[in-house]
Amino acid sequence: MNFGFSPEDDAFRAEVRAFIRAHLPPDVALDVHHWYNPKLSNYRRWQRILSERGWGAPHWPKEYGGSDWSPVRKHIFMQEIYAADAPDAGWQGMFMLAPVLIEFGSQAQRERFLPPMLRGEELWCQGFSEPGAGSDLANLKTSARLEGDEYVITGQKIWTSDAVHCDWGFFLVRTDSTVKPQRGLSFILVPTNAPGLTFRPIHSIDARSELNEAFLEQVRVPKENLVGEPGMGWTYAKFLLEKERTTSAFLYFNQRQFARAKAIASQIRVNDVRLIDTPSFAQKLARVEADLMALEWSVLRILAGEKNRHNLDAVVSALKIRGSEMQQRVTDLQIEALGPMATRRYADAFVPGDSPSEGPDWPPYTIGPANLFLNTRAATIYGGSREIQKNIIAKLVFGA
Amino acid sequence: MDLRLTDEQEMLRDALTRFIQECYSFEQRRAIVAGGQGFSAEHWRTFADLGWLALGLPEEAGGIPSSFIEPALVAEAFGSALVLEPYASNIVLTSRILDRADNATLRHEALSAMTEGKLRVALAHSEQQARYELDSVRTTARPDRTGYVLHGTKFLVLDGPSAHKLVVSALLAGSIVLFLLDRHTPGLKVYPYRLLDDTLAADVVLEDVHATDAEILTRTDVVALLEEARDRFILAKVAETLGGMERVLQISGEYARSRSQFGQPLFKFQATQHRLAEMFVEVQETRSILYCGLANIDSGTPSRRRAVSAAKVVAANAGRIVGGLGIQLHGGMGMTEEYSVGHYFKRFITTEKLCGDTDYHLARLAAA
């Protein structure tokens, strides 16, 4: 075993850092800093800059614009992206759809969809969950019927993040209701401006509205928009959600937010002592940091392809459980540091850099943490809830 | 020891329950939030008519003397529906400060108007640098020919936007004194904002604010007075949290029965049952610590401090568990603004961070 980063890796880190420093627009970074999920126009700008450098999609195969980086370098790259408050909003397309297209899509689909995704010109949303099918995804009802050369889709989706700002959506639909639920599902691509497709924003407790309901009323798409084989949607969705879970350690997010908690705690004074220097808060930070260090090595073990004696899907579920809880803990540290200043409601309409209302200024670090703390309540719900992940572990490791 | 409510207390509780059922559904509450005033003036009049604004206040000011059980019953009922009206900040916090003030004229005038529902008073004491320390005041009152000139900035003045008058603390010759000022006093500006739980607070800026001797509310043992009143406010918020948690328990149980996944109600999964049971345990413990607080709220400083800090800590922890699991159990629905459970979580978190967080109260408990 060799646990170290090579001198070349360190040089690579310096190169990435220098590039980001030179090219990340400060207003984009500020937007990410305060609102953790930036305006998608900012994401498009940044994605274009990265793709021009050839770094638009490091995890894709080389022939589609990916890098030849080792897993360790991809890790370094993501760490630097996050540490600099650069946007990482396009993950539904980049991390979820793209691997499916590359593995199961047609050559025509890859040529049509991957390049504009890479350049940040086309953004994607995901339409899986339905009002009656959350954790129980196989139970979904939205149907797609083949009529000549077109599929006609009717149904309803929910929790479709960023849908109103996206250009395309990938949907899981039922193309056959006569077979076992999982066998009747297909994976289909729908432009968000398709006639019959409407969205309704859902306001969430963190004062945001990135979630949406999607209503599909006789939406027609060419049959070429079906990915892979009809009836294989469940398999592709599982493939994709496993991709999501690998990133669901949210390691880079967690490291960034932990650093932010420390930054806040070093700016706040309690009885003339910096909060970060008080024993009780320092220990609280250290307790989370210990688990964060373990989480990083959990990610590194998977990235380095360690041969685990347990089922890898179960290991990935463990990562999802710990990573999602960690999101709640690091943001909790931020509001712990803020104390009474965490109670003020900052809403989405606020433009970072402006004063949120008339009146005395509150420190800029008060903007965002409470929203983020509330937002991360969802981390243990989406992408397979904590309960589902525990069921997976029980089943795969213990044969439950 | 007799933990039964008196007949009068039972009647009060029934009246509160009726009001909540008739006037405070989640949708009715949303309409009040959308109104932007942070509360309903109509409801406030109703509270006055029903005598709820007089509970625990002196008879000569139109009050109905009572133990702290009555205000706690009000707070618990209000907590169950996330009532927005500034009950605890007025009738538990500032009315207590007024009741114990030196200035008999101000005291009588203000309390009489408060019990009638005609006057609301907010406490403008906290400042940014203070965090939770009651003795950290930088606002100054400088004597001049006609009285005093005040300078300073107050923050997180709870229910400040709906208040007619403010109790303002300031340093005068090295000691903290309290003034009672009209919110329209020249030089005094109120900047409202919303808190996470949809109540309103304000920053208050005082620039060349002239005050007279007659506006000095009290100058004796101000920090001790503020601490005692804050302890009562905290205990009312504990009761409010308890009421909210009972409601979350009920909502979650109903949801677990009605929502099906994998062909059966969530309720049938043992994981769900255990979660609901864990929430139940927290609610039981919070009711117990509330009783501990009620038993000690009128006792001497050390035991009052101990009991109130313990109550704050226990309720804060329980609120996180019950509110957090409540959201988790509801899945994505729990994250939405249109559904109630997330709002309870936000109220619990807001309460946790006001008037001393868990670290602050653990330290106070340890030192008491």
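Author: Two residues are in contact if their C-beta atoms, placed from the backbone, lie within 7 Å. The model is predicted: local features need pLDDT of at least 70, side-chain atom pairs count only at pLDDT 80 or more, and totals for chains, interfaces and linings use all residues. Residues are numbered from 1 along each chain as its sequence is written, while chains are lettered from A and ligands numbered from 1 in the order in which they are written.

In chain A, 74% of the contacts with a separation of 6 or more join residues 24 or more positions apart. Chain A holds 12 helices and 10 strands (DSSP runs of H or I over at least four residues, and of E over at least two, numbered from the N terminus). Its C-alpha atoms fill a box of roughly 75 × 55 × 45 Å along the principal axes. Of its 400 residues, 45% count as buried, that is, 20 or more other C-beta atoms lie within 10 Å of their own.

Chain A meets chain B through 30 residues of chain A and 32 residues of chain B. The side belonging to chain A consists of 12 nonpolar, 12 polar and six charged residues. Here Ala, Val, Leu, Ile, Met, Phe, Trp, Tyr, Cys and Pro count as nonpolar, Asp, Glu, Lys and Arg as charged, and the others, Gly among them, as polar.

An automatic or database assignment divides chain B into domain 1 (7–115), domain 2 (121–220) and domain 3 (223–367). The C-alpha centres of domain 1 and domain 3 of chain B are 21 Å apart. Across their boundary, 18 residues of domain 1 of chain B are in contact with 24 residues of domain 3 of chain B. On the domain 1 side, helix H4 (69–80) and helix H5 (87–99) of chain B are the elements that give two or more residues. H4(B) gives the most, with nine residues. By class, this side has 13 nonpolar, two polar and three charged residues.

In soluble globular proteins, nonpolar side chains tend to be buried together. Leaving aside residues up to four places away in sequence, Val168(B) touches Ala124(B), Leu150(B), Leu178(B), Phe179(B), Leu181(B) and Leu206(B).

How values were computed
Buried ≥ 20, exposed ≤ 12 C-beta atoms within 10 Å, placed from the backbone.
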